[in-house]
Amino acid sequence: MTKGILIADSGSTKTDWLLVRPDGTYTELHTDGINPARDARAIIYNVIHQQLLPRLPLRAELQTVYFYGAGCIEPFSSNVKSVLHELMLDCRIEVESDLLGAARALCAHEPGIACILGTGANSCLYDGKKITRNTPPLGYILGDEGSGAMLGKTLLSDLFKGILPDTLRQDFNSKYKFSQADIIEHVYRKPAANAFLASFVPFIAEHRTHPAIHDMLVNAFRLFLTRNVAAYGQSAMPVHYVGGIAYQFAEELTKATTATGMIMGRILRRPIEEIAKYHCFT
């Protein structure tokens, strides 16, 4: 590597940037999230121009920018490409989906099944070069099984319907002070309902050893696998995961994966370091 590369792993709330120098050293930076399916070009420009570039060392020595992000599919990704081309004139620019980034981080050049379990959820079948199949996640209302949003949704539903034990309901009420009306207001009338639902994951983590919560977690991950991953029909292929939910609940996720007869693969909290290895040693 004769010049540096810049790698971005972008979600809707935060973008992680990794500058890798020719000698292998690196600098990590963070900016607001960039999602071209949501953000206008002017917003994308402002984030990169105002938050990234003033803090980016050795910009003149960059050769390539690899940008992986949520919402980075055509036609939306064209806005990210055009902004990067405008602000980094001499660089080669590649813009790809966060799902391809996850697959490259988890599988490198080997075939496998790559899954994202964070606030949302997604999965794909990867042949070592490209994504060959993707079960549509459909978002937190129609899908996103196993995600933080879906875990929060299940928790709230089970609490208010009286399915979970009273001890858990008492712990929840003492911690959050939310009435049923408050929950309805946040979920149905305010923006970012998926993030609100996922905000209850810490409560789930605190009570993960409770049998009812443990079962809820395992069942949620089994639902993700049976409704998304099983469609690929590749029972001999390892299933890999990346994301905060996968990392935090690795024990329950492993149990669900093996219980469905699938092969447990790697779990990464975030993909960016492994994406860097993919590009630096390809």
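Predicted model: local features only at pLDDT ≥ 70, side-chain atom pairs only at ≥ 80, totals over all residues.

User: Why are α5 and α10 called oblique to each other?

Analyst: Helix α5 (residues 148-160) and helix α10 (residues 211-229) pack with their axes 11 Å apart, at an angle of about 135°. Angles over 145 degrees count as roughly antiparallel and 65 to 115 as roughly perpendicular, with the rest oblique once those under 35 are set aside as roughly parallel; at about 135°, α5 and α10 are therefore oblique. Their crossing is right-handed.

User: Which residues make that contact, and how do they divide by class?

Analyst: From α5 come Leu151, Thr154, Leu155 and Asp158, and from α10 come Ile213, Met216, Leu217 and Ala220. By class, the contact of α5 with α10 has six nonpolar residues, one polar and one charged. Among the α5 residues that are buried are Leu151, Leu155 and Asp158, where buried means under 20% relative accessible area.

User: How do you know that the span of α5 is close to the expected one?

Analyst: Helix α5 has 13 residues and reaches 18 Å from its first C-alpha to its last. Just after α5, glycine 162 takes a positive phi of about 80°.

User: What makes α3 and α13 roughly perpendicular?

Analyst: The axes of helix α3 (residues 98-107) and helix α13 (residues 272-280) cross at roughly 75° and come within 8 Å. Since 65 to 115 degrees counts as roughly perpendicular, α3 and α13 are therefore placed in that class. Gly101, Arg104 and Ala105 of α3 meet Glu274, Ile275, Tyr278 and His279 of α13, and these residues divide into three nonpolar, two polar and two charged.

User: Why are α10 and α12 described as oblique?

Analyst: Helix α10 and helix α12 (residues 250-259) have axes 8 Å apart and pack at an angle of about 50°. Roughly parallel requires an angle under 35 degrees, and roughly perpendicular begins at 65; with about 50° between them, α10 and α12 are therefore oblique to each other. The crossing of α10 and α12 is right-handed. On the α10 side the contact is made by His214, Leu217, Val218, Phe221, Arg222 and Leu225, and on the α12 side by Glu252, Leu253, Lys255, Ala256, Thr257 and Ala259. By class, this contact has seven nonpolar, two polar and three charged residues.

Note on methods. Residues numbered from 1 in each chain as written. Heavy atoms only, no water. Axes fitted to C-alpha atoms, helices over the stretch in contact; angles between N-to-C directions. Helix = DSSP H or I, 4+ residues; strand = E, 2+ residues; numbered from the N terminus. Left-handed = near helix turned anticlockwise from the far one by under 90°. Contact = heavy atoms within 4.5 Å. Nonpolar A, V, L, I, M, F, W, Y, C, P; charged D, E, K, R; others polar. Expected span 1.5 Å × (residues − 1). Buried < 20%, exposed > 50% of the residue type's maximum accessible area, 1.4 Å probe, protein only.
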